[in-house]
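I opened my notebook to work through one protein model. These are my notes on what I looked up, pair by pair.

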Amino acid sequence: MRFAPQRKIVRALLRASRTQVPEATVDPDCGLSATPPTLPALVRPASRLTRHAWRAIAASLAMAPFLLATAPQNSAASVLSRQPTVRVPVVLSSSGAGPSVHGRQPAIAEGGSLAASPGRAPASASSLRPSKSEAGVNLAPQDPIVAASRARRTAAQRAYGQERPTGTTSQAAIAQTETNCEQVPLPAGESFTESLAVPDCRWGQVTNTTVVSFVDQYRMTLPERSEVSLQVQAAFDMYVSVHDAGYAPITDGFSVDGGPASIDTTLPAGSYVILVTSLSDAADVGGDYQVEPTIRPVSEPACEALALDPGAGSTRDVPAGGCRVYDWLPLVMLDNPALVYEIVLPEAGMLSGSVTSTALEPRHALINADNVTLSSDINDTEDQAPGTTSFALPVPAGRYRLLVLGAKRGTGAITVDTSFAPVGAACDATLVEANSTTAGTLNDADCFDGYLNNGIIVRMPMDLFDIVIPQDGTLDVNVDAVGWQPVLWLMDRNNQVFIGQAESPPVSLSLPPGAYRLGIQSVENLGDYTLSLSFASRVAACNVRQLPLNGTSAEELTAADCTLSEYYFGGSPDPVDPFLLHLDERGEVLISMRSTDIDTFLVLIAGPFPNAALNIAAKATLNDDVDPAGGDVNSEIRAVLPAGDYLVLPTNAIAGEYGPYQLTTAFSPRPAPTECAVNVLQSGTALDTELDGFECTANDLDPLRAVWSPVDRYRVTAPSRGTLGIQVSSGSFFPRLRLFNPATGALVGDDYDQNFLDSTASLGFFTTAAEYELQVESVSDTQFTGDYQLQMVFTPAADTTSCMVMPIDKNATAQGALESGDCTWPEVPGGVGVPAAAAPPVDVYRVTVAQMGTLTATASAGLFRPYVELLNHRRALLEGQGPISIGLPAEVNALLIPGDYYLHTLSQDSAIGSYELGLSFGAAPFDPDASPEPTPSPVPSPTPTRAPPPIEPTPDTGGDHEIFIPWTERS
């Protein structure tokens, strides 16, 4: 066997039978009748879907934007100041990362009630909150949100010289007091009097600190955008703060010289928490206070980004009634009025800017198209006079947003000036031999990592070198530097890191053949260095010759030649003449191998290979051609390729054959298409069309894909909730269907036959109203063009009003039922488009936790295996569990900070029936004498992948078997 065993088996069968793969037929009635066909008749059976595919679906649909992808759960604090992940030099190892994707989030109506809410007596003293005793559990680590809230309060104390008296109440007594941390609705529009006194909750129980001051909590629900004014007056100094439903701080106010603690802000529709406490940390500071809330609805502002050319400037007013930070970044609850400029960079370069004002303290945030904050000082709490804030960043080509605002919700004139210096030739790599020594110097005129758009963010210069590895072997790399420590990055020609980095050369890299890029960088000093490279083949050295673009050469395969086994693990011992093909520009390449003495076999290989663990066929073969015995023994490859380096390997198709052959190449430049049209694919229409070779290639659409098939693109629309079924068939090539969410670029569907036995590909899934982009391409190894038939059928599902969020108390039991008309799992926020047979009904609950503690949720059912998911207030998954057999309960248990949380109950078997959901909450013990460990700087961690419950496959009923490759295992 050669390096493509599946293909060789198929070829052998075809050669023996002298037959071709039969053309697939399409039912002409599919989708055209009054009653659309059921999904299994149109698409590959959902029972073939594996748990690996489930994970792939969830990974591409359920990830939230950059906040949820990079910040700890529930954290909205200091998001704009968060820098991109820094790659820390480590030992070389394979690595990879997936995109961060935000799924469609349909509006969910809230209503219903499963547990009676505590009643509210007339406002007086502490009667607003019902008393509740709660059991103790282990205390959670301090969360960055509450740390931020505590820091704001401490800053207020420090600013006005507020002392922190010890108080007269004993700490031990406080620790044993049963406290009341419940939220009560804010009596909007009416003044009321309350009191900070026993048995009120303590500040430390909300923030996981040792502060023992009393705190009252209020829930404020805004059905529309509103101006909110709060005046809190007492005989002692007060502190009041507004938080989102996850307790992330939005704004605050405090008493000054006996005056009221005031808040004036504008907030979008939503649910908020208001905390009222004394400015003092003491345990005996309390008493009555008066609250005067005023809430006035206001209209939504028209938020449009202002176009700003790089190198230009602009002076505008930041208006008091204009757009706020949260209007531009919905996950960042900052209420500062802000302007946004949009800057488009056609190429990489150094983008610099300054924001100046004499009327306010200027702040800025520079954000890329993926909502990653590159530079920000908007969360800077240090007071500063009106003046200038600035930034200078090496950035790749792309679209950027520059937020400009004033600290402390300031308004007034603000001036933006920008400048842009293109990178030019600084990032052009130097081609070096695999056995060579090169002297260089790192300086500020070199390429910066920020230009490369690959996740390396060290903000230091980098030298780039291109190396061609002709065959399997070992590359030894050493860098001698004086006065600084070099860091090595091994990348592909698209600057994507795929093996890793080394913190201390010399390093030894075991590499397959390909074209590689080596980056040399320092994280501290700059200066001179010497790069030494040494390459050793695993076996005999192979003489790799340059292959002319146009011409014919006479060659011969002999027993003394290199063999395929010297290029690929598991390759055959057949002889090969290796050639390097270099393309300076994009174009169509024709390579032919002709002989009257041997049956030829021709291989064209793209390099480099980003994952050496892939199987040989996927890793090594771009295209190959071999003819059946007794027919034409010549081989030919024709493909439209981008500029780059390729390996051409002429060999034999029959082991043991040697002899002369002619190798001919022809090249025709072909500029990249300026526009890759997207056509509309209507439901129920059978389309008969072709790939003719002049479309965009897969590589044109995504330079990181080493696929050169032409691609047809279609827009597919689901007008409502229902099932989408898509099928393609071809008698000319083996087709592949790829489906994308155009809003996020996430791949949500992918199907083809990796074994080259099925000339059809199909997708079928349940979806809410949504729009997708469908791509049709070829995965054939010899044929990229030809006719194909395509059809899409949308089957609407009955509308449902059952996607309700049902409030439930944290210590309550609910009797529920999963019914056929319920909301389905992909319809809840975070899920769009999953296989139709795996769209089980789901019930959604909301529970509020008002202090640190452990929440346990248990679901029991007698007819199916229940599954429970726990999500935070932004619908990011925290935990999901289900039993392995019917009769056992599903249980999630989590130590939580205060905030709103959501629970999903569903069946692992896609079944319907009754269940019982029980919740219990244990408050964390509050010990003011215990000094918590210092909270480290938050380390971003990935949001857990939202994985649905494992669905048992439907028993196979016989018939034609179709191969469904898990999406995680496809190239």
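This is a predicted model: local features need pLDDT of at least 70, side-chain atom pairs count only at pLDDT 80 or more; totals for chains, interfaces and linings use all residues.

**Entry 1**

I started with Cys 676, which counts as partly exposed because its relative accessibility is 21%. The cut-offs I used: buried is under 20% relative accessible area, exposed is over 50%, and partly exposed is in between, with a 1.4 Å probe and protein chains only. Cys 696 has 4% relative accessibility, so I put it down as buried.

Residues are numbered from 1 along each chain as its sequence is written, and side-chain values use heavy atoms, with hydrogens and water left out.

I then checked how these two cysteines are joined. Cys 676 and Cys 696 form a disulfide, with an S to S distance of 1.4 Å. The rule for a disulfide is a pair of cysteine sulfur atoms within 2.5 Å. I reminded myself that a disulfide is a covalent bond between the sulfur atoms of two cysteines.

Which hand does the disulfide of Cys 676 and Cys 696 have? The torsion about its S-S bond is about -70 degrees, so I wrote down left-handed. This pair links distant parts of the chain, 20 residues apart: Cys 676 sits in the loop between β41 (659-669) and β42 (678-680), and Cys 696 in the loop between β43 (686-691) and α10 (698-701). The helix and strand names are DSSP runs numbered from the N terminus: helices are H or I with at least four residues, strands are E with at least two.

**Entry 2: other disulfides**

How many disulfides does the structure hold? I got four.

One of them joins Cys 181 and Cys 201, whose sulfur atoms are 2.0 Å apart. I found a torsion of about 75 degrees about the S-S bond of Cys 181 and Cys 201, so that disulfide is right-handed. Cys 181 is in the loop between α6 (171-176) and β2 (183-185), while Cys 201 is in strand β4 (residues 201-202), 20 residues apart. I looked at cover too: Cys 181 and Cys 201 are buried.

Next came Cys 427 and Cys 447, a disulfide with sulfur atoms 1.9 Å apart. The torsion about the S-S bond of Cys 427 and Cys 447 is about 80 degrees, so I noted right-handed again. Cys 427 lies in the loop between β20 (412-422) and β21 (430-431), and Cys 447 in strand β23 (residues 447-448), 20 residues apart. Cys 427 and Cys 447 are both buried.

**Entry 3: salt bridges**

I counted 19 salt bridges, using this rule: a side-chain nitrogen of Lys or Arg within 4 Å of a carboxyl oxygen of Asp or Glu. The idea is that side chains of opposite charge can pair when their charged atoms come close.

I picked out Arg 225 and Asp 327, which form a salt bridge at 2.8 Å, N to O. Arg 225 is in the loop between β5 (214-222) and β6 (226-234) and Asp 327 in helix α8 (residues 325-328), so the pair ties together parts 102 residues apart in sequence. Arg 225 has 3% relative accessibility, so it counts as buried. Asp 327, at 24%, counts as partly exposed. I also found Glu 300 linked with Arg 225 and Asp 327 in a network of salt bridges.

Then I looked at Arg 736 and Asp 750, whose side chains meet in a salt bridge at 2.8 Å, N to O. Arg 736 belongs to strand β46 (residues 735-741) and Asp 750 to strand β47 (residues 746-751), 14 residues apart. Buried or exposed, Arg 736 and Asp 750? Both are buried.

**Entry 4: the whole chain**

I finished by zooming out. The protein chain has 10 helices and 59 strands. It has 971 residues, and 54% of them count as buried. For contacts (heavy atoms within 4.5 Å) between residues at least 6 apart in sequence, I noted that 80% join residues at least 24 apart.
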